[in-house]
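Try each task before you read its solution.

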Amino acid sequence: MAGVADRDELLPRRCVWVNGPIIVGAGPSGLAVAACLREQGVPFVILERADCIASLWQKRTYDRLRLHLPKQFCQLPKLPFPEEFPEYPTRKQFIGYLESYAKQFEISPRFNQSVQSAKYDETSGLWRVTAVVAGDDSGNRSAEVEYIGRWLVAATGENAEKVVPELEGLEEFGGDVKHVCDYKSGEAYQGKRVLVVGCGNSGMEVSLDLCDHDASPSMVVRDSVSDPPSTPVGCMQQALWWRPNGVGPPSSLQVHVLPREVLGKSTFELAVLLMKWLPLWLADRILVVLAWLVLGNVEKLGLKRPSTGPLELKNAQGRTPVLDIGALGKIRSGEIKVVPGIKRFIPGKVELVDGQLLDVDSVILATGYRSNVPRWLRGSDFFFSKDGLPKSPFPNGWKGSSGLYAAGFTRRGLSGAAADAVRIADDIGRLWKEESEPAKKLICLP
């Protein structure tokens, strides 16, 4: 209790009434909700812990990253991508698009405000959101602000925090170790032996980038029992699950690897078309056959396909297939070495579960991200599960009770976030108009 009292004394606190929804997070999901609310004429406040919009994209993505899906499936509501943009916009182009989006809809988040808690006050029927406002370079101290409002929109997304697995001996390894969120380019790894832990879209693409910069990557693959979600790409591609402590026998990785395009057409677009006209099982079978024709037998490379089809697996578990953009060719040529799970690290080396001992200079953990909602949203067990995702499956996970909403937790990327934003803004807009109507005049009978 003394710690709490000391903190209260150190951090001056003030209260702010919000005449509209409080949006937590200024990534694509939060911006989309704000833009749709602006169109509805509903005021709002956006709280963002970083000093910029879309901090994941601006600060925690690698240089060569592109959207994995065609731009028409990744645009936010009310504003398409510029026509001159390529089919798969680059990281810089996407950031520029988001900045233009915020400018067009006059969205001005309150930056450097890290939400510590948000809870619903049953007595008042209002949300109370406490944020710590970081101090500035001029010497101003940090302060606490409590925002009070009728509605709360959680828009921090599925990829708010990095996942770092517990790997035996990693602290004694002695070489450079970083999460993929801190990786920018393979230029710094030229001539080095790099262990890439994880083989989702991030792991595959980072391994490819390392090859392009004359590094020697080894990519760790193992079964999919308990990996965290991986890459923070626009379409929210997800990797397999990573089992901590390297426990378990070696096994082939079970993952669907699909070509990004088939005969010049996006595989994702083809999947959408197939699902429109065919049953799910048949669409899955067609995609697997096409993948085999384009990519060949990937099981020879240690990448075993799950018995469940890629679309069914996506619907049931939210696991997105890996979209190949060249990594498989490097695996076939031996430039990317595929290795089984990790048993332990020792100084300068890694011991694998099959007994191999590899000399390693650097380690890149492409082990994914997770939601941070359980850290700050209080009393929401009825709506969010322990992993920080809505309990109700898509498309019903956007609305809770007591004025709580969720945007960007659909496991369907930017298109899912856009759909959430439209639904949320329409619902709040309707309530806003109802509550803003002038009271009806009483009619006195003669």
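A crossing is right-handed if the near helix is turned clockwise from the far one by less than a right angle. Keep in mind that the model is predicted.

**Exercise 1.** Describe how helix α2 passes helix α11.

Solution. 
- Step 1: Find α2 at residues 28-40 and α11 at residues 413-436.
- Step 2: Take the axes. They come within 8 Å and cross at roughly 35°.
- Step 3: The crossing of α2 with α11 is right-handed.
- Step 4: List the contact residues. On α2 they include A32, V33 and L37; on α11, A421, V422 and I428 are among them.
- Step 5: Sort the contact residues by type. There are 12 nonpolar, 3 polar and 2 charged.

**Exercise 2.** Is helix α5 mostly covered or uncovered?

Solution. 
- Step 1: Locate α5 at residues 201-212, a run of 12 residues.
- Step 2: Check its span. From first C-alpha to last, α5 reaches 16 Å, close to the 16 Å expected.
- Step 3: Apply the cut-off for buried, under 20% relative accessible area. In α5, 11 of the 12 residues pass, so the helix is mostly covered.
- Step 4: Look just past the helix. There D214 has a positive phi of about 60°.

**Exercise 3.** Which residues touch the most other members of the largest nonpolar core?

Solution. 
- Step 1: Note that this core holds 61 residues.
- Step 2: Pick out I23, Y97, Y101, I107 and L210, which touch the most other members.
- Step 3: See which elements contribute. α2, α5 and α11 are among those that each supply at least two residues.
- Step 4: Follow L210. Beyond its sequence neighbours within four places, its contacts include Y183, V194, P217 and I364.

Notes:
Residues are numbered from 1 along each chain as its sequence is written. This is a predicted model: local features need pLDDT of at least 70, side-chain atom pairs count only at pLDDT 80 or more; totals for chains, interfaces and linings use all residues. Side-chain values use heavy atoms; hydrogens and water are left out. Axes are lines fitted to C-alpha atoms, for helices over the stretch in contact, and angles run from 0 to 180 degrees between N-to-C directions. Helices (H or I, at least four residues) and strands (E, at least two) are DSSP runs, numbered from the N terminus. Contact means heavy atoms within 4.5 Å. Ala, Val, Leu, Ile, Met, Phe, Trp, Tyr, Cys and Pro count as nonpolar, Asp, Glu, Lys and Arg as charged, and the others, Gly among them, as polar. The expected span of a helix is 1.5 Å times one less than its number of residues. Buried means under 20% relative accessible area, exposed over 50%, partly exposed in between (1.4 Å probe, protein chains only). A nonpolar core is a set of buried Ala, Val, Leu, Ile, Met, Phe, Trp, Tyr and Cys residues joined through side-chain atoms within 4.5 Å.
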